[in-house]
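Please walk through the model below one region at a time. Each term is given its cut-offs where it comes up.

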Amino acid sequence: MKKLICLCLCICCTVTAAGCTAGDLVEKYIYHQDPDTDSENVSDKPRIYMDEVTGMLQDFTGSQLTLKTEEQTYTFDVSQATLECSDGMISGDEISVIYEGQLSDTGSDTSTVKALKVVDEFHKTEELKDRTAHCAIVSLTPNTITIKAKNGKTATYPITGTQQYYQNGIAAGNWVYVHFKGKFGKSGDDASNVLDASHVKVVSISDIDPIQLPDPTPTPEPSDDQTEPDPSTVSKQFRGVIQSISNNVLQVLPNTSSTSVDLDLSQLPCYFPGGIAPGSGVSVYYTGEDFSGESLEGISVSSVSGDNPDNMSQHQMNFTVSGTILGTTANTVTIQTGDGAVVTCLTENAQNTSTSGLALGAGINITFDPALSRESNIYTSIKIQDA
């Protein structure tokens, strides 16, 4: 035992005497060589240097990102890199790009390196904060909301999978609170009336702040009164599948019908825990005659509630987003939706039946889990299919 202790002390003294630190012992390069190569010839082999650049994310196009450091701005090709940031690709976030190779003397030229990973910066000096915009609704789609502030500035936010609660209904001109993380892009400076919110993460939207859902209607106690209640006052519901939303009109395909119905949400309380994604389920509560499955005639809709992804298993997930592929990385695909949003989804562990090979410009449908992306703007894919 004493011999072992002495040996350890000798090794420590040797390292200290040589002036080495822990950082010095981590090589910045590796050698390309076969296992059987003579170690004496190692010096003849090319070296691959590993390094990283840390800065603030400015933009992300699906296969390229723009990063700003204190000294300059870099644009990296990340088509072969893995994206591993816990918040996703949110503008204003501090991240690091790990790459192999050496940056050229021209500084911002990244053509001489290969990006391997994009990760959270270990020593963040500025954590992403929850920001709030209180503005009037201009328009609403499944993946975007456009709002206008008192000062006249407008912004279109990506809201795929975002929790939404409208106590007083959805209508243009109604004021809502939009909670989000990130900073506005280049066109979102103080002088512009149109702010670039394309790469922020919207956490929630509601016309009350904080969100306070009403208590469920209690089940009435049994009564000795044998009088039958008026059928027109008894609360009922039917289930359906969301087809789309445009401003205050929600298109729903009832489970018992092949014909869609349009619901006017302008004065109806409505709650969408996982966003207003096409393909997701919805419950429509009403009074009046029994719903025929074909028409809303004779009934009075009282509220609408979407499926809650927190209460669903993965094989029950039916939230979908569709679009054209803008770019890919080693573990993500980014699409442009028909309503103008840019949505990035993980491809790892997803069932991929698409025949396109995720080629640029191909159309795909992605089934995703909103519950796994509450704080990130990179969504967990479950299935990827041809559009």
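Y166 sits in strand β11, which covers residues 163-166. Strands here are DSSP runs of E with at least two residues, helices are runs of H or I with at least four, and both are numbered from the N terminus. The model is a predicted one, in which local features need pLDDT of at least 70 and side-chain atom pairs count only at pLDDT 80 or more, while totals for chains, interfaces and linings use all residues. Residues are numbered from 1 along each chain as its sequence is written, and side-chain values use heavy atoms, with hydrogens and water left out.

Y166 counts as buried because its relative accessibility is 1%. The classes are buried for under 20% relative accessible area, exposed for over 50%, and partly exposed in between, with a 1.4 Å probe and protein chains only. Not counting residues up to four places away in sequence, Y166 touches I137, L140, I145, V176, I205, D207, L268, P269 and C270; contact means heavy atoms within 4.5 Å. Y166 and S206 are 40 residues apart in sequence, yet their C-alpha atoms are 5.4 Å apart in space.

Y166 also belongs to the largest nonpolar core, which has 38 residues; those with the most contacts inside it are I145, Y157, Y166, V178, L250, L265 and V304. Such a core is a set of buried Ala, Val, Leu, Ile, Met, Phe, Trp, Tyr and Cys residues joined through side-chain atoms within 4.5 Å. Strand β8 (residues 131-140) supplies the largest share of this core, four residues.

Where is empty space left? Rolling a probe the size of a water molecule over the atoms shows this. A cavity is a set of points, on a 1 Å grid over the protein atoms alone, where a 1.4 Å probe fits but cannot get out; lining residues have an atom within 4 Å of a point. Grid points are joined across faces, edges and corners, and a volume is the space filled by probe spheres set on the points. By this rule there is one cavity of 30 Å³ or more. The largest cavity has a volume of about 150 Å³. It is lined by 16 residues, of which S198, V200, V342, V343 and N377 are the closest to its centre. The elements that give two or more residues to this lining are β14 (201-206), β23 (342-346) and β26, and the largest share, three residues, comes from β23.

S376 lies in the loop between β25 (363-369) and β26 (378-386). At 9% relative accessibility, S376 counts as buried. Leaving aside neighbours within four places in sequence, S376 is in contact with S86, D87, G88 and K201. A polar atom of the S376 side chain lies 3.4 Å from the backbone nitrogen of G88.

Is E294 buried or exposed, or in between? E294 counts as partly exposed because its relative accessibility is 46%. This residue is in the loop between β19 (281-288) and β20 (299-306). Beyond four places in sequence, E294 touches S257, T259 and V261. The side chains of E294 and S257 are joined by a polar contact of 3.4 Å, that is, a pair of N or O atoms within 3.5 Å; within protein, one must be able to donate a hydrogen and the other to accept it, and residues adjacent in sequence count only if both atoms are side-chain atoms.

Strands β3 (residues 64-68) and β4 (residues 73-77) run antiparallel and are joined by five bridges. Two strands pair if DSSP finds at least two bridges between them. β3 and β4 form a hairpin with four residues between them, and K68 stands opposite T73 in β4.

Key:
1 Å grid on protein atoms, 1.4 Å probe; cavity = no way out; pocket = protein on both sides within 12 Å on 5 of 7 lines; lining within 4 Å.
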